[in-house]
Structure formats: structure tokens, C-alpha cells
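Try each task before reading its solution.

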Amino acid sequence: METIHLNGHSLTLEDVVKVARGGCRVDLDPAAKAFVQRGASIVEKWVEEGRVVYGITTGFGDLASVTIPSEQSETLQENLLKSHASGVGDPFDEAVVRAIMLLRINTLIRGFSGISLETLSLLVDMLNCGIHPVIPSQGSVGASGDLCPLSHLAIALLGLGEVFYKGQRMSAARALEQAGLKPIKLKPKEGLALNNGTAATTAVASLALYDALKLSKVADIAGAMSLEALHGVPYAFDPRTHDLRPHFGQRASASNVRRLIEGSEIIEAFKAARVQDAYSLRCIPQVHGASRDALDFVRQKIDIEINSVTDNPLIFPADGEALSGGNFHAQPIALAMDFLGIAVAEFANISERRVARLVDHKLSGLPAFLMEKSGVNSGFMIPQYVCAALVSENKVLAHPSSVDSIPTSAGQEDHVSMGAYAARKARNILSNAQKVIAIEMLAAAQALEFSLPLKPGKGVYRAYQLIREKVPFLEEDAFMAPLVSEVVKLVESGEIINAVEGEIGELD
């Protein structure tokens, strides 16, 4: 199994996915370990000297003015984690928890957090052994970092709380014992190093972004399928048009559609029927492309954040200083995830409009609701309702979280990002969009049958073939939910992308 080497500087989005979903192991760069040890040593020195440093020899938040005696510094850190581990709601799935663990390790390896190598190594061992703390999904306001969820992560290192291990939910103490690991005693600053930062928000954001980038390709495939099924014309995808408005995403989407319909007998047979199509077909490059550009922006932010140090205070051993700042504030990710949610919602919005055209015989020229014997059969009537329900949900969910704030810690922390909910909300929007686009592909595959014996383009035809391997052509009504579920799996897994790219090469 592949091992990802962590140094705090070079982690990629793809690495996050490999560790979170692929079970890849991690190890620590030997050179980086020296920085960790140096940071821990200077914290111990400050405690011995009685130096007043926030979160090390003081309380937290509004209690920063309370000085803590050096003999209570370890108790301070343990109490921090126990009191802050107060989350509610369903626990994050194991992939998200693994991503959280990975991002926390990648921050701490930089050596600016005051963590000891012993504590950091235990976190690495837990990740590699598959000990995944139970982390409730609700409770973070996105500043001071993800205090609540990260505290649930951190208490597992003390043998407290619960974890998932080998398919079972059990106490952290039992899991550590079974894995041959020992819980740690926290040293000064370590509790704060573990629970103060944006790792939970960024973990959810990273996995959502990865899936959204895949969905951008699937959206183009679905749009091309509908274009062919509705006997659309190819003129709106001519590169000359897009060269005059050279947004990257627009050009990429137009290129994808051209390649997907290349060699189409359907397009060739009907391209003289009209000069232009409705916006949901004609403007695929402009709409899909704008969402693609938004995702590129989000990726820039995620690439930076996963290799950043986001706790407080930060330890600068070379300067002998601890600086209080605000790197824990998740505003950059909050805004980015609000943007991602809006962008992904638009993939679904325009997709639903294409589904509506497919089932409306007055617009499509196809049998009503894609069923020749309609009336006694309702065909694809209700799948379009489902799309309408999901895109309507998304319109509410797409309201930005980042415009909200609520003071915490007795007004000391008087502006927060709500980044954690922005990320979770974006993930919900994404899930809805995947289902809408899957229904479009299912409906478009049904509609393509009415153009036989004419064949669609090579890329579209390969997508159609894969769907037909899972779902038959419907001559009469059938139990729809399992059929929809089969195509949703093709979308979520990326199998539909792999099949199409295997036929026509990698899509943009």
C-alpha cells in the first residue's frame, strides 16, 4: 500500500483522498521531526521560566487574563479537551475523520505548534492502524478553529471518548489497547495544538471539492447526452465562439461537448433542423464553465489551507517568540465553500431544465414522459419531480453561511466564520446535484432509444452503453428508485467518467 510522506508543505488534494478513502498510510519526514522537537522544547522552557504565554500559562478565550501556575499546565490542556469535546449530531463518516487526522498531522509537523513528537507520533499510529475517533458533525463555528470536533479527535489520544476500530464502535482506551498503543499525557500547549485549527472544516471541504471536480465532467457528459437525445444542433460549441470570450471553464466545457458528440449520426441528421437551441442546451459551456471556474478558485484555497499552520498561538523557536494571531479563522474556506455550493447548485439547476425538456413532448418531439404508451404509464414524470425537489432544496442550502456570525466566548471571539457549516452544507448540495445529474443521464439514455438506428457520438454512446449495463430501456413503468440508484452510483464513483475517457481520452 502506498505511503504518503508528510512534511507540512507538499500535501495535495489527491493525497487527501488517497488517505481518507483509499486507506493509504502516512509517515513523517525525518527532517521535519527536528522542527517538531525544537518547538516542543521551547514551550517546556517557557513553562519552567514562568513566562506568560496565551494558552500555555493562561486560560483560553475570555479567560486569557487568568494566569495558570506551571504545575497545572498539563491539567489545563487536558481540561481544555474534555470541556471542548461537547459536539452533537451524527458523527462524521470515517473518510472525513481520516482526512481530519491527516490535515492535523500535516499542520503539526511544521513545528510551529509546540506539539511533542511523542504525541504527534501517536496520532500517526492511530491513523495508520485505522483507529478513527467518533467526531460529532455539529458544534464548530469556524473560529477559534474547529475547537469542538478537533477536541473529540484529541481526547482519543488520552484514551477518552469513543472510536471506530475494525468495524466496531468502542472506547478509545480499548481500541488503543487492542492496537498495542498507549494513551499519552499532555504536555504544555499540546491540547491547544491539537484542537485549535481548521482541519475539520478543511477535511469536509477537500473531499467535497474532489467530488465536485468529478461532477463537472459528469455534468458535461449528461449535457451532451441530452443534446443528442433532443436533436440539438452543434453550433453553440464552435471553438470560434469561445475564443472570443476565453473563460477557461467555458472553453473546457465546450471542448468536452464537441468531443463527446464527435461522429454523431444523430447530430448530423438533425443539424439543419434549426439554428439554435434553448439555453439549457445552447449555454452549457457558459453555465458549466462558470461553475468550473468557481471550483478552480476553491481549489486554490484548499491547496493553500491543507499545507498551512492554523492554530494559536504560533511558536517561533528561532525568534524565541509565541505570537497570538488569527490563523484559526476559517473565513477563507467558509467563503470558498459557499462559492462551491453555489457553483454545484448551478450544475443541478440547468440539468433539471434539460430533464424537464426531455419529458415534455411539446418541447422535445419525443413521446410524452419518454414512454410510448403514456397514460397507462407515467414514465419519467416523477423523476423530473425529484429533480425539481432537489434543486429547490439546493436553492435554500446555497444561501451563504459566511455572511453569518455570532459572538462566542463572552464576546472575546466576536466574529466567527461558520466555515464548518459552509463545508457541510456544500457537501449536501453536492449530493443533491449528483442525484439530479444521474436522473438526467437515466432519462437521456431512455430518450436516445427513440433516435435508433442513428447512433450518438462516441463519448455519448459509451455513457449510454454503461447505463444500459445497469438499467434496461423501459417499455412500461417499473420500480424507478433502484434504477435511479444504479446511475447515482455510476456518478458518485466516477465510473461513468472512466468509461467515457477510456473511449475518447481524458476530458478537460
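**Exercise 1. Is L370 buried or exposed, and what is its phi?**

Step 1. At 0% relative accessibility, L370 counts as buried (under 20% relative accessible area is buried, over 50% exposed, and in between partly exposed, with a 1.4 Å probe and protein chains only).
Step 2. L370 is not a glycine, yet its phi is positive, at about 60 degrees.
Step 3. To place L370, look in the loop between helix 16 and helix 17 (helices are DSSP runs of H or I with at least four residues, strands are runs of E with at least two, and both are numbered from the N terminus).
Step 4. F369 is found in the loop between helix 16 (361-364) and helix 17 (381-397). F369 has a positive phi near 55 degrees, again in a residue other than glycine, and counts as partly exposed at 28% relative accessibility.

A word on the source: this is a predicted model, in which local features need pLDDT of at least 70 and side-chain atom pairs count only at pLDDT 80 or more, while totals for chains, interfaces and linings use all residues. Residues are numbered from 1 along each chain as its sequence is written, and side-chain values use heavy atoms, with hydrogens and water left out.

**Exercise 2. Describe how helix 18 packs on helix 20.**

Step 1. Helix 18 (residues 419-448) and helix 20 (residues 480-493) pack at an angle of about 115 degrees, and their axes are 8 Å apart (axes are lines fitted to C-alpha atoms, for helices over the stretch in contact, and angles run from 0 to 180 degrees between N-to-C directions).
Step 2. That angle makes helix 18 roughly perpendicular to helix 20 (under 35 degrees is roughly parallel, over 145 roughly antiparallel, 65 to 115 roughly perpendicular, and the rest oblique).
Step 3. Now list the contact residues (contact means heavy atoms within 4.5 Å). Helix 18 contributes Q434, K435, A438, I439, M441 and L442, and helix 20 contributes L483, V484, V487, V488, V491 and E492.

**Exercise 3. Which residue forms a salt bridge with D211?**

Step 1. The partner of D211 is R21, with the closest N and O atoms 2.8 Å apart (a salt bridge is a side-chain nitrogen of Lys or Arg within 4 Å of a carboxyl oxygen of Asp or Glu).
Step 2. D211 lies in helix 9 (residues 199-229) and R21 in helix 1 (residues 13-22), so the pair ties together parts that are 190 residues apart in sequence.
Step 3. D211 is buried at 12% relative accessible area, whereas R21 is partly exposed at 42%.
Step 4. Widen the view: the structure holds 22 salt bridges, and E14, R299 and D303 are linked in a network of them.
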